[in-house]
Amino acid sequence: MKNTIAKCTQREFGFTNWGGKRRGAGRKPKGRRAGVPHDKRPAFRSAKALLVTQKARFDVPSMRHPEAHGVVAAALAASTKEDFRVVEYSVQFDHLHLIVEAEDERALSRWLKGLFVRIARGLNKLWKRVGNVFPDRFHSRILATPRAVRIALVYLL
């Protein structure tokens, strides 16, 4: 009997281009408005201020009402710590603008998260409702130059 070895050739698979990292991939925004993208935020150093924007749900009452504004102002006053402070703020109908200073990225994220939880709990108690007030992440922009700080202050005030 003759020992024969079959010659094997490697074949390529015909892959489709589904899934993976590419432009337009991922879950599409749903609802009345798109949320803040979950991209990595730029590195933050303590020598700079940040402009932070936090949007509220579309179905909650206005935060500009005097009682609601009082809840927000009290939460902002209580949130001042040695490594985090709110320099200026503006309360709009459905979002907040804050200019904040923090010691580092960890302090910034920790204290902002706590601040928004405190505001949400106070507003839910005021409005006699249950549920999230701020369903999305906060948006932040580093104010690296004096001109950027001035433009942000003009925009905020």
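Predicted model: local features only at pLDDT ≥ 70, side-chain atom pairs only at ≥ 80, totals over all residues.
**Exercise 1. The second largest pocket**

*Solution.* Step 2: its lining includes Lys40, Arg41, Pro42, Glu105, Leu108, Ser109, Phe138 and Ile142. Step 3: at least two lining residues come from each of helix H2 (105–127) and strand S4 (139–143).

**Exercise 2. The setting of His97**

Decide whether His97 is buried or exposed, and identify the side chain joined to that of His97 by a polar contact.

*Solution.* Step 1: His97 is located in strand S3 (residues 95–102). Step 2: the relative accessible area of His97 is 5%; buried means under 20%, and therefore His97 is buried. Step 3: the side chains of His97 and Tyr155 are joined by a polar contact of 3.5 Å. Step 4: beyond four places in sequence, His97 also touches other residues, including Val52, Glu88, Tyr89 and Leu156.

**Exercise 3. The nonpolar cores**

State which members of the largest nonpolar core touch the most other members, and which element supplies the largest share of this core.

*Solution.* Step 1: the core has 28 residues, of which Leu98, Val100, Leu112, Phe116, Ile119 and Phe134 touch the most other members. Step 2: two or more residues come from each of strand S1 (49–55), helix H1 (66–78), strand S2 (84–91), S3 and H2. Step 3: H2 supplies the largest share, 8 residues. Step 4: apart from this core lies another, of 6 residues, among them Leu51, Leu143, Ala152 and Leu156.

Definitions and conventions: Residues numbered from 1 in each chain as written. Heavy atoms only, no water. 1 Å grid on protein atoms, 1.4 Å probe; cavity = no way out; pocket = protein on both sides within 12 Å on 5 of 7 lines; lining within 4 Å. Helix = DSSP H or I, 4+ residues; strand = E, 2+ residues; numbered from the N terminus. Buried < 20%, exposed > 50% of the residue type's maximum accessible area, 1.4 Å probe, protein only. Polar contact = N/O pair within 3.5 Å; in protein donor to acceptor, adjacent residues only side chain to side chain. Contact = heavy atoms within 4.5 Å. Core = buried A, V, L, I, M, F, W, Y, C linked by side-chain atoms within 4.5 Å.
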